[in-house]
Amino acid sequence: MIAPVLPTYNRAPLHFVKGEGVWLTEKDGRRFLDLGAGIAVNALGHANPHLVRALTEQAGALWHTSNLYHVDRQQALAERLVDLTFADTCFFTNSGTEACELAVKMARKYWHETGSPERMTILAFEGSFHGRSTAAISASGSEKMTAGFGPMLPGFVTLPYGDTDALEAAMKDTHVGAILVEPLQGEGGIRLLDDDVLKLMRKLCDETGTLLILDEVQCGMGRTGKLFAHEWAGIAPDIMMVAKGIGGGFPIGAVLATEAAACGMVAGTHGSTYGGNPLGCAVALAVLDVVSDPAFLDEVVRKSGQLRQRLEGLVATHPDVFEAVRGEGLMLGLACTAPNTEVVAAGYAEELLVVPAAENVVRLLPPLNITDSEIDDALARLERTARRVAGATPS
Ligand SMILES: *Cc1c(COP(=O)(O)O)cnc(C)c1O
C-alpha cells in the first residue's frame, strides 16, 4: 500500500523537532550538529532570532494579499536586491525550480521580442541541477531525472561542464540564445567552474548577444563568501536565479535580471499567487540585513579558510575514506574514497549531518554564521566519522 506521503524520497531515520543555530534536536533527545543546513537553506542557522522576529512581526500584521495589489515588503526587497547586484529588476517565486521556469521563459521571450525567435536554444551542462519541473530537468538532461517523464521540453543542449572547446563550438550555432550555468555545482558534486571559464562565457555571450543565465540558487546569498558567486570572477550575468539561502528556511526564490534581458516581461506575461508574499519578503529582507554586510562575508571567507585547512588534514590522515576537498567558501565538498552514503550514515551515528552529492561527494554546507568552536566540534565529529567508516570498510 502506498504511503500517505508520496514515496519519492529516501529518508534517513531521523525526525527533528527543534533547531537552534547549527544544532538540531531529534525527537529522542539527541542533538545533531547540522552541516547541511537544509541543503544550503538555513543560511543563518535554525530559529535565528532576527529572522524569527521578522517573520512573527509580519505574521501579526499581514500574511497575503496577492499580486493584484502593491506589496510593500516585496517592493522593498526588490529595491535592496537591485541596489546590491547587477540587476535592474526582480521577480519573486517560491522556489528555485520556479526561478528556473521564469529564467527560461524570459530568455525565450527576449529573443521573441527582439526579432530573433529562432534563438531558442539554451546551452546547459552535465551534472547541473536546476530543479524538477519539465524545463529544469530538460535543461539538466540527466537520465536519472528525465527517465519516464518525456517528452522533454525542446531546445536544450547539454555540454560537458568546464569544457571550453565544447562551449566555443556550441556557441557557433546561431540558434543559441542563452547559456544556463551554475558557477559552482551543488547536487553535481561541488564542482567549481574556473573563473576563466565564467569570463569566457561572458565574452562569448557579449560577442553574440547571447544571454548569460546564472543559477545561484545554492551558491548564492553569501555561501561562497561573496554575496553572489559570480562576483569572484568579476563578471555579471543577464539573468540570475536565486532561492534556498535567501529565505533562510522560508520558501522564497527570485529571478534577477537586467532591464534589457527583461524587456519582454510586461504585464500579463508571468505571475505567481504566492510569489513575493509579505511573509517571505520580510524574512528575505532580514536575511539580507546580515548576509550583505561585507564584514559578515569576510567572516565567511575566514571561516572557510580555517575549515578547509582542517579538512585537508582530515583527508591526509584518512586516505581510505576521503580523497580531496572541493568548493569555495562554506560550500565545501569531501570527495570520498569510501562510498559517500557510508560516510553520511556514519555521520548520523556521530550526530553529525552532512549531505551526499554526485561524484561520491559529501557536502558541507553549514549555516554561514557557524562559530569557530562549532567548526572545532564539527572536525572532531568528522574525525570520528572517518574512523567509524575506516573501521567498517575491509581493507
Ligand atoms: C535546489 C536547487 C534548485 C531547485 O530549487 P528548489 O527550491 O528545490 O525548487 C535549482 N538550482 C540549484 C542550483 C539548486 O541547488
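**Cavities, a pocket and a ligand in a predicted model**

Student: Which residues line the largest cavity?

Tutor: The model is a predicted one. In this model, the largest cavity is lined by Pro183, Leu184, Leu192, Leu193, Asp195, Leu198, Thr224, Ala229, His230, Trp232, Ala233 and Glu328.

Student: How are those lining residues divided by class?

Tutor: The lining of the largest cavity divides into 8 nonpolar, 2 polar and 2 charged residues.

Student: And how much space lies in it?

Tutor: The largest cavity holds about 70 Å³ of space.

Student: How many cavities of 30 Å³ or more does the structure hold?

Tutor: There are 2 cavities of 30 Å³ or more. The second largest cavity has a volume of about 30 Å³.

Student: What lines the second largest cavity?

Tutor: Its lining consists of His64, Thr65, Ser66, Asn67, Val71, Gln74, Thr273, Tyr274, Gly275, Gly276, Asn277 and Pro278. By class, this lining has 3 nonpolar and 9 polar residues, with no charged ones.

Student: How does the pocket lining split by class?

Tutor: The lining of the second largest pocket has 13 nonpolar residues, 11 polar residues and 1 charged residue.

Student: New topic: the ligand. Which residues surround it?

Tutor: The ligand is surrounded by Ser95, Gly96, Thr97, Phe129, His130, Gly131, Glu182, Asp215, Val217, Gln218 and Lys244. The residues of this shell divide into 2 nonpolar, 6 polar and 3 charged.

Student: What lies 2.6 Å from an oxygen atom of the ligand?

Tutor: A polar side-chain atom of Lys244 lies at that distance from the ligand oxygen. For Asp215, an N or O atom in the side chain is 2.7 Å from a nitrogen atom of the ligand. For Phe129, a polar backbone atom is 3.1 Å from a ligand nitrogen atom.

Student: How much of the ligand's exposed area does the protein bury?

Tutor: The ligand taken alone exposes 380 Å², and the protein buries 83% of that.

Student: Where is Phe129 placed?

Tutor: Phe129 is in the loop between β5 and α5. Arg132 is also placed in the loop between β5 (121-125) and α5 (134-140).

Student: Which residues does the UniProt annotation "binding site" cover along with Phe129?

Tutor: In an unreviewed UniProt entry, the annotation "binding site" covers Gly96, Thr97, Phe129, Asp215, Glu216, Val217, Gln218 and Thr273.

Student: Why do they not all gather at one spot?

Tutor: They span 178 residues in sequence and their farthest two C-alpha atoms are 24.9 Å apart, so they do not all gather at one spot. Of these residues, Thr273 is included in the lining of the second largest cavity.

Student: And what does that annotation cover along with Arg132?

Tutor: The unreviewed UniProt entry also has a "binding site" annotation that covers Arg132 and Ser272. From this set, Ser272 is taken in by the lining of the second largest pocket.

Key: Residues numbered from 1 in each chain as written. Predicted model: local features only at pLDDT ≥ 70, side-chain atom pairs only at ≥ 80, totals over all residues. Heavy atoms only, no water. Nonpolar A, V, L, I, M, F, W, Y, C, P; charged D, E, K, R; others polar. 1 Å grid on protein atoms, 1.4 Å probe; cavity = no way out; pocket = protein on both sides within 12 Å on 5 of 7 lines; lining within 4 Å. Points joined across faces, edges and corners; volume = space filled by probe spheres on them. Near = heavy atom within 4 Å. Polar contact = N/O pair within 3.5 Å; in protein donor to acceptor, adjacent residues only side chain to side chain. Areas by Shrake-Rupley, 256 points an atom, 1.4 Å probe, with all protein chains shown as cover. UniProt positions renumbered as here; feature names shortened; annotations may be inferred. Helix = DSSP H or I, 4+ residues; strand = E, 2+ residues; numbered from the N terminus.
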